Every structure is written in structure tokens, then in C-alpha cells.
Amino acid sequence: MKRILTIVLAVCMVMGLLGCSEKEQSLQIIAMDTAMTFTAYGKQAEDVLQDASTEVRRLDKLLSRTNESSLVSQLNAAEGNKVAVGQEVAALLAASAAYTAATGGAFDITVAPVVSAWGFTTDSYHVPAQKELEILLERVGMEKISLTEDTAALAPEMGIDLGAIAKGYASDRIAELFREQEVQRGWAALGGNVLAWGSRPDGKPWVIGIQDPANPNDGTAYAGMIQLESAFAVTSGSYQRFFEENGKIYHHIIDPATGYPADSGLVSVTVVAAAEPGNGTMCDALSTALFVMGEERAVEFWRSGSYEFDMILVTEDGRVVISPGLEDSFTVEGGYVCETVS
Ligand code: AMP
Ligand code: MG
């Protein structure tokens, strides 16, 4: 939690310092297991921030796997029975299924039982036995979920974990509130999920620091800075949640193909896309998926053009690989070598 707070504060500092002039309102909350900051400018600012906070808390109650009374927990406990989840959650599950199909299974919310076996849901971390992982992996697979427009049924003993997409979905909802209430400028940081809305009051782009994965506890250590206007930027990193056992580090992004933390050669992935409806969710799903894929597959996926996005990959061997759309807006820092894919 302390680390998450550092990251959020770093984002806030960079954005705040470069903001200025016009009247700014800000609100900080803890929700979805992370520290969040919402900032808006103009006369609607106070109201929209309250609405954003209410909305995120509503989603937390609906989607959290660690809250026993949430809808997702009810679905996970339903032992194979059909649950009336409502259209909103059914649509998010359908979107998740589409990202699983598009990413060749790198993104998969049904990896939940495996995530639990590693202790990431309870903070009681340990390395599971290979045999246990093999049994749990048999319960993983989006095709085992039956979905209708407003119901869902999991196979018995399955589970879902929306941790890799819920904050992105929440950032989409915040963008929706900003749009409806005609907020001209502002930003929201939900852990590693950032929405840059409009531009700064001085007309220049917002500036977001990409945390240096090699210095996760230093909120002023960056692998780079990106300038953004009306965009989402979502980062998945192995430094964001991990534990150590017998001198080895195990992080929270699981490769559904092996049941082990993805050992893909990447330490951080940021996905950037225009602040258009659905793109917050897309950036969140894809940042997790590209992390699992690793550099080569991630670049291939980006080249395929199935989704319109830009990316920043930080590799274990000290490189920062960006897509060409970010060439003018990204500045590398922290001694990394920057390469642009073509
Ligand atoms: P993120 O920080 O968005 O990359 O999401 C990571 C979180 O999503 C983890 O803490 C798990 O709860 C869950 N998760 C881990 N691996 C995967 C995966 N391959 N696909 C979907 N969700 C995952
Ligand atoms: Mg994600």
C-alpha cells in the first residue's frame, strides 16, 4: 500500500506542479485496494469529484473479490449456479472474454484460483506446489463461463478476479462523468491507471511520470515522462505487488499458461489510448496482457492493429521500447536506453 501511495503521489506531484492558474479541486480516496486522486477544474469541479468518488465506491462494492458481499464474490461462491449479475457486470465479463480471445489467453480473469494460491488475495504469500497449480489450472478458462445479457454462471470451483480490469473500467466511468458534466480539464489517478482529461490550464499537455521499476519506493524516480492530452495511460508492473521467498521474487501478474508469475523479460508495461469510451478498460486489460506476452509478442500484437493504442515497455535488461505514436511525447529518464518499434 505504501508503494502504491508513492506511485500515486509521484503522479500527483508531476501533474500538480505543472498545472497552475485556474481554480483546481482535488479529492483523495482509498478504494479498490489503492490510493486514488481525482482533480477537476471549473465550477462543476466539486460536484463531479464527489460523483466520481461515489461511483468508484459503487464499483468497488460490485467488483471486489475480497469484499465477501460483492456481486463478484456472490458469483464466485455460487458453485456453478446462474447468478443475476445485471447488464453492467455481464457486459464487463463479455468484454473480458473478448480481451482473452484477442490476447491468446494472456489476459484471463478466470486465473483467480491461481492468484489466490499464491496468496495475493489474502496477503499470506507463498509458492504453491506444482501439483496444486496443475489442479488449479484445470479450473481456468473463459470458455467455462456461461454468459447472457444479464446473468453469469461459472463452472463449480472456478473463480473470477477483475483486478486487472476494474480500475480501468472505473476510469472509463470517471471520464463519462467528466464528459456529462462538461468538465474541460482534470485528471484521475487510480493507482497505476491515469486519465488525463483535456489539457492543463495553460493549454499544455499533462505530464505523467512512468515509475522507474528499479526504484519502486522512490516516487521521484522515473523511467520516463509522457505528455498527454485527453488520454488514458495504464501501467502494469511486477514492482507493484510482489513477495520474496528463498531469495526469489514472485510478482502478481500470472501467466495463465503456466500458473507462475509471468517471466516475460518485462518489468513494466504502459498502454496509452485516447480518452474515448471503453479505452480505460482496454488499456487496463492490455497492459496486463502485454506484460504476460513479453516484448516480442507484445510488439507483434501492437503491429496486428487489432486495437488502437500506444505502449511503453520497460525491459529487464534496461531498455524502454515505445511505439512510434509516442515519439514526440515521451522522454526517457533513469539511464534507460529508448528504442522505437517500427
Ligand atoms: P494489473 O495491475 O492491471 O496488471 O492487474 C494485476 C491483477 O490482476 C493481479 O493482482 C491479479 O489480481 C489479476 N491477474 C493476475 N494475472 C492476471 C492475468 N494474466 N489476467 C487477468 N488478471 C490477472
Ligand atoms: Mg490491467
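Reader: What conventions apply here?

Author: Residues are numbered from 1 along each chain as its sequence is written, while chains are lettered from A and ligands numbered from 1 in the order in which they are written. The model is predicted, with local features needing pLDDT of at least 70, side-chain atom pairs pLDDT 80 or more, and totals for chains, interfaces and linings using all residues; side-chain values use heavy atoms, without hydrogens and water.

Reader: Which residues come nearest to ligand 1?

Author: A residue is near a molecule if one of its heavy atoms lies within 4 Å of it. Ligand 1 has 16 residues around it, and D161, S236, H252, I254 and T288 come nearest. By class, 9 are nonpolar, 4 polar and 3 charged. Here Ala, Val, Leu, Ile, Met, Phe, Trp, Tyr, Cys and Pro count as nonpolar, Asp, Glu, Lys and Arg as charged, and the others, Gly among them, as polar.

Reader: Which element gives the most to the shell around ligand 1?

Author: Helices are DSSP runs of H or I with at least four residues, strands are runs of E with at least two, and both are numbered from the N terminus. Helix α8 (residues 279–304) gives the most, with 3 residues.

Reader: Where does ligand 1 have polar contacts?

Author: Such a contact is a pair of N or O atoms within 3.5 Å. A nitrogen atom of ligand 1 is 2.9 Å from a polar backbone atom of D108, and a nitrogen atom lies 2.8 Å from a backbone N or O atom of I254. At H252, a side-chain N or O atom is 2.9 Å from an oxygen atom of the ligand.

Reader: What coordinates the magnesium ion (ligand 2)?

Author: Donors are N, O and S atoms within 2.8 Å of the metal (3.2 Å for Na, K and Ca); water is not among the atoms, so sites may look incomplete. The ion is coordinated by A164 (O), D284 (O), D284 (OD) and T288 (OG1), at 2.1 to 2.5 Å. The donor residues are spaced A-x119-D-x3-T in sequence. D284 and T288 both lie in helix α8, 4 residues apart, about one turn of the helix.

Note on methods
A polar contact is a pair of N or O atoms within 3.5 Å; within protein, one must be able to donate a hydrogen and the other to accept it, and residues adjacent in sequence count only if both atoms are side-chain atoms.
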